[in-house]
Amino acid sequence: MNDLDAEDRLRFEQLVLPHVDAAFNLARWLLRRREDAEEVAQEALLRACRSFHGFRGGDARAWLLQIVRNTCYSWLENNRPRELMVEFDEELHPQPVATPESIAIADEDRERLTRGLETLPPRFREVLVLRELEGCSYKEIAAITSMPIGTVMSSLSRARRQLCSALTSSSHKEAVREV
Amino acid sequence: MRCDFADSLLQGYFDGELSSASAVEFERHLQQCTHCPVELVDMDLLSERLQIAQLYESAPASLRKKIRANLRPVAAATAMSQPLRWHWLAAAAVLLLLVIAGWRVNSVLRTDDYQAELAEAIVDAHVLSLQSGHLTGISSNDEQAVNGWFKGRLKFVLPARDFANDGFTLQGGRLDVVDERSVAVLVYTSTGHLINVFVWPTQGRDTSAQVGSRQGYQWVDWRKGRIEFCAVSDAPTSDLQQLQRLFTN
């Protein structure tokens with residue numbers, strides 16, 4: 001991170017670093033694994049730092065998240081290209097993650113929602129995460145994803161519907177199992 | 001089954017993103033449609049479930065550590081002579097320590113609309129002041145000097161006070177514009193954090209401290225003696241509340 005002068009570095013610390021949580025959260029939901037998210041979020045922060053002198057004000061969170069998103073998609077293309085092709089895969093199981101975090105997920109509904117979100121295609125998952133977890137406006141989501149606002153809206157619509165139906169079918173399956 | 005006519009408007013309505021004209025149009029539609037009200041309820045339930053499940057995942061300490069490791073050698077190697085710059089460096093270091101300690105920003109604002117809008121404008125002004133580097137019109141820790149600078153520039157008497165003994169050092173003041181209204185700003189540093197206290201006259205009665213956070217910054221708002229104060233910083237809320245108590249005592 002040697003490319004910034006002292007003044008830019010301080011601005012970077014004040015403006016961008018408060019959004020490290022947002023960066024990690026988006027990466028975690030796009031990549032579905034915390035280890036991958038950590039690696040990619042770090043790479044994204046490096047990229048952000050390198051291109052920070054080109055940032056002249058505006059929404060620092062949206063600016064950072066745009067970089068995080070692009071870094072995530074490049075990573076997916078190189079490592080798990082299949083995920084970018086699936087439209088909606090009900091049989092797509094979340095990869096088993098034996099981290100203490102996943103073991104600690106005691107809350108059943110939380111687990112069900114996590115699984116539901118993870119079965120959505122990345123492009124639907126990201127709008128839901130940005131809207132529902134990150135609280136972004138449509139304008140911010142459009143800036144982060146480089147999509148027109150109309151597309152943001154229709155993606156959100158499909159994402160919500162698919163998540164609802166994934167949740168219904170998963171609870172249905174569980175009910176069947178219990179019987 | 002779904003309603004094609006309303007599909008585009010439904011999301012916007014639910015997310016509060018429609019213009020008031022479109023919202024009225026959609027509400028008219030809602031009274032006749034059998035699908036949209038059901039879908040609105042579904043969306044609301046889903047949203048609530050997502051909130052309750054607390055799916056937001058904060059950055060792990062190890063990530064913050066790596067980012068800090070990348071930033072620190074450069075920062076330490078740079079000589080800073082100006083005192084305020086030194087404070088900024090300290091601010092960054094303390095910020096990192098705090099976040100490593102697990103401090104987490106709650107991005108959900110649960111206050112009424114007026115305060116949400118006010119907080120938005122104030123936090124924007126705070127960020128803008130950091131971006132532009134325009135922090136102080138007068139740079140001084142002397143109460144008299146700062147008050148003297150404001151006198152003639154303001155239509156009300158500004159209680160500029162230095163609380164250095166309590167850990168809040170006055171750095172100076174400036175004039176700013178928030179929501180198209182001119183406000184005075186007192187600038188403090190505290191354990192390395194930079195705090196902007198926005199001050200303007202109000203007709204409202206005294207209030208106790210209202211707190212919130214937005215986009216990684218905390219704010220504490222209160223009114224006393226026909227003056228409204230709003231302190232904003234990346235410092236923890238408890239620090240801002242301490243500053244609020246110093247002001248009101």
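In helix α2 of chain A, the residues A:Ala22, A:Ala23, A:Leu26, A:Ala27, A:Leu30 and A:Leu31 meet A:Arg61, A:Leu64, A:Leu65, A:Val68, A:Arg69, A:Cys72 and A:Trp75 of α4(A). By class, the contact of α2(A) with α4(A) divides into 11 nonpolar residues, no polar residues and 2 charged residues.

Let me turn to the geometry of this pair. Two packed helices are described by the angle between their axes and the distance between the axes. For α2(A) and α4(A), the latter spanning residues 60–79, the axes come within 9 Å and cross at roughly 30°. Angles under 35 degrees count as roughly parallel, and α2(A) is therefore roughly parallel to α4(A). The crossing of α2(A) and α4(A) is right-handed.

Helix α4(A) also packs against α9(A), residues 138–145, at an angle of about 40° and with the axes 8 Å apart. That angle makes α4(A) oblique to α9(A). Here, too, we have a right-handed crossing, as α4(A) passes α9(A). Which residues make the contact of α4(A) with α9(A)? From α4(A) they are A:Ala62, A:Leu65, A:Gln66 and A:Arg69, and from α9(A) they are A:Glu140, A:Ala143, A:Ile144 and A:Thr145. This contact has 4 nonpolar, 2 polar and 2 charged residues. A:Leu65 and A:Arg69 of α4(A) take part in the contact with α2(A) and in the contact with α9(A).

I now step back to chain A as a whole. How many helices and strands does chain A have? The secondary structure comes to 10 helices and 0 strands, so that its pattern along the sequence reads α-α-α-α-α-α-α-α-α-α. Of the 179 residues in chain A, 45% are buried. As for the contacts in chain A between residues at least 6 apart in sequence, 72% join residues at least 24 apart.

The next topic is the contact between the two chains. Chain A contributes 41 residues to it and chain B contributes 46 residues. On the side of chain A that touches chain B, the elements giving two or more residues are α1 (6–15), α2 (20–31), α3 (34–50), α7 (108–119), α8 (122–133) and α10 (149–178). The largest share of that side comes from α1(A), with 7 residues. Sorted by class, the side of chain A that touches chain B holds 18 nonpolar, 10 polar and 13 charged residues.

Two backbone details deserve a mention. A:Arg32 has a positive phi of about 70°, although it is not a glycine. This residue lies in the loop between α2 and α3 of chain A. Is A:Arg32 buried or exposed? A:Arg32 counts as buried because it has 21 C-beta neighbours inside 10 Å, and the cut-off for a buried residue is 20 or more. In chain B, B:Arg226 is a residue other than glycine with a positive phi, near 65°. B:Arg226 is found in the loop between β6 (217–224) and β7 (227–233) of chain B. With 12 C-beta neighbours inside 10 Å, B:Arg226 counts as exposed.

I come finally to confidence. The model scores ipTM 0.82 and pTM 0.57. Chain A averages a pLDDT of 83, and 80% of its residues score at least 70.

For chain B the mean pLDDT is 80, and 81% of the residues reach 70 or more. Confidence in chain B is highest in helix α8 (residues 237–248), at a mean of 93, and lowest in helix α5 (residues 83–100), at 56. The pLDDT is below 50 over residues 74–84 of chain B, a stretch with 11 contacts in the model beyond near neighbours in sequence. It also stays under 50 over residues 100–111 of chain B, for which the model has 21 contacts beyond four places in sequence. Where pLDDT is low, the predicted coordinates should not be read in detail.

Conventions. Residues are numbered from 1 along each chain as its sequence is written. Chains are lettered from A and ligands numbered from 1 in the order in which they are written. This is a predicted model: local features need pLDDT of at least 70, side-chain atom pairs count only at pLDDT 80 or more; totals for chains, interfaces and linings use all residues. Helices (H or I, at least four residues) and strands (E, at least two) are DSSP runs, numbered from the N terminus. Two residues are in contact if their C-beta atoms, placed from the backbone, lie within 7 Å. Ala, Val, Leu, Ile, Met, Phe, Trp, Tyr, Cys and Pro count as nonpolar, Asp, Glu, Lys and Arg as charged, and the others, Gly among them, as polar. Axes are lines fitted to C-alpha atoms, for helices over the stretch in contact, and angles run from 0 to 180 degrees between N-to-C directions. Angles under 35 degrees count as roughly parallel, over 145 as roughly antiparallel, 65 to 115 as roughly perpendicular and the rest as oblique. A crossing is left-handed if the near helix is turned anticlockwise from the far one by less than a right angle, and right-handed if clockwise. pLDDT is the predictor's confidence in each residue, from 0 to 100.
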